[in-house]
Amino acid sequence: MNGGLSAVLVILGAAFMLVAAIGVVRMPDLLTRMHASTKAGALGGGLLLLAVAVHFGELGITSRAVAGVAFTILTAPVAAHMIGRAAYLTGVPLWEGTIVDELRERYSARPRTPNPATPQE
Amino acid sequence: MMAAYAIMTHQPVFLDVAILLALIAFLGTVAFALYVGKGRIP
């Protein structure tokens, strides 16, 4: 029973990691790639740590696994936010299908540095 | 990944390795973002 549950958790976590990797390959943009990798990757890692907790079934290991899950859930959005903010402020080009760019007026005092690789309109 | 190693080898020490790797990856990500965003480490 223990082994079966932990096996199911491992397969679920690996599936979420696979979804995250496919998202990183398929998405067109830095921000959408970050969106795909952060949430699915954090969920997959959390499921793998829960599988470890179920597999061993001891109090110390379970508490360490729960601490790891909490740390992942706390830090993954912060890291993604900082990467996205740095990317936007340094002028990484957005996807051409982007509809809304709400930060453009807010950062109008500091013009975005144009990327010489992409043609400007 | 280190959690998978911990299950595969029945060795719970790898769980600590997983937590430490997560911590160091987060710190490295924050430092890299600060460096790219501001051009200097504050």
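The questions below concern the cores and the chain contacts of a predicted model.

Q: Which element gives the largest share of the largest nonpolar core?
A: The largest nonpolar core holds 17 residues, and the elements that give two or more residues to this core are α1 (2–26) and α2 (30–56) of chain A, together with α2 (13–38) of chain B. The largest share of this core, ten residues, comes from α2(A).

Q: Beyond its neighbours within four places in sequence, which residues is A:Leu50 in contact with?
A: A:Leu50 belongs to the group, with A:Ala51, A:Val52 and A:Ala53, that touches the most other members of the largest nonpolar core. Once neighbours within four places in sequence are left aside, the contacts of A:Leu50 are A:Leu9, A:Ala65 and A:Val69.

Q: How many residues make up the other core, the one that includes B:Ala33?
A: This core lies apart from the largest one, and its members include A:Ala79, A:Ala80 and A:Ile83 as well as B:Ala33. Its residues number six.

Q: Which element supplies the largest share of the side of chain A that touches chain B?
A: Between the chains, 23 residues of chain A are in contact with 16 residues of chain B. On the side of chain A, at least two residues each come from α1, α2 and α3 (59–89), and the largest share, 14 residues, belongs to α3(A).

Q: How many residues of the side of chain A that touches chain B are nonpolar?
A: This side also contains six polar residues and two charged ones. The nonpolar residues number 15.

Q: What percentage of the residues of chain B count as buried?
A: Chain B has two helices and zero strands. Of its 42 residues, the share that counts as buried is 17%.

How values were computed:
Residues numbered from 1 in each chain as written. Chains lettered and ligands numbered in written order. Predicted model: local features only at pLDDT ≥ 70, side-chain atom pairs only at ≥ 80, totals over all residues. Helix = DSSP H or I, 4+ residues; strand = E, 2+ residues; numbered from the N terminus. Buried ≥ 20, exposed ≤ 12 C-beta atoms within 10 Å, placed from the backbone. Core = buried A, V, L, I, M, F, W, Y, C linked by C-beta atoms within 7 Å. Contact = placed C-beta atoms within 7 Å. Nonpolar A, V, L, I, M, F, W, Y, C, P; charged D, E, K, R; others polar.
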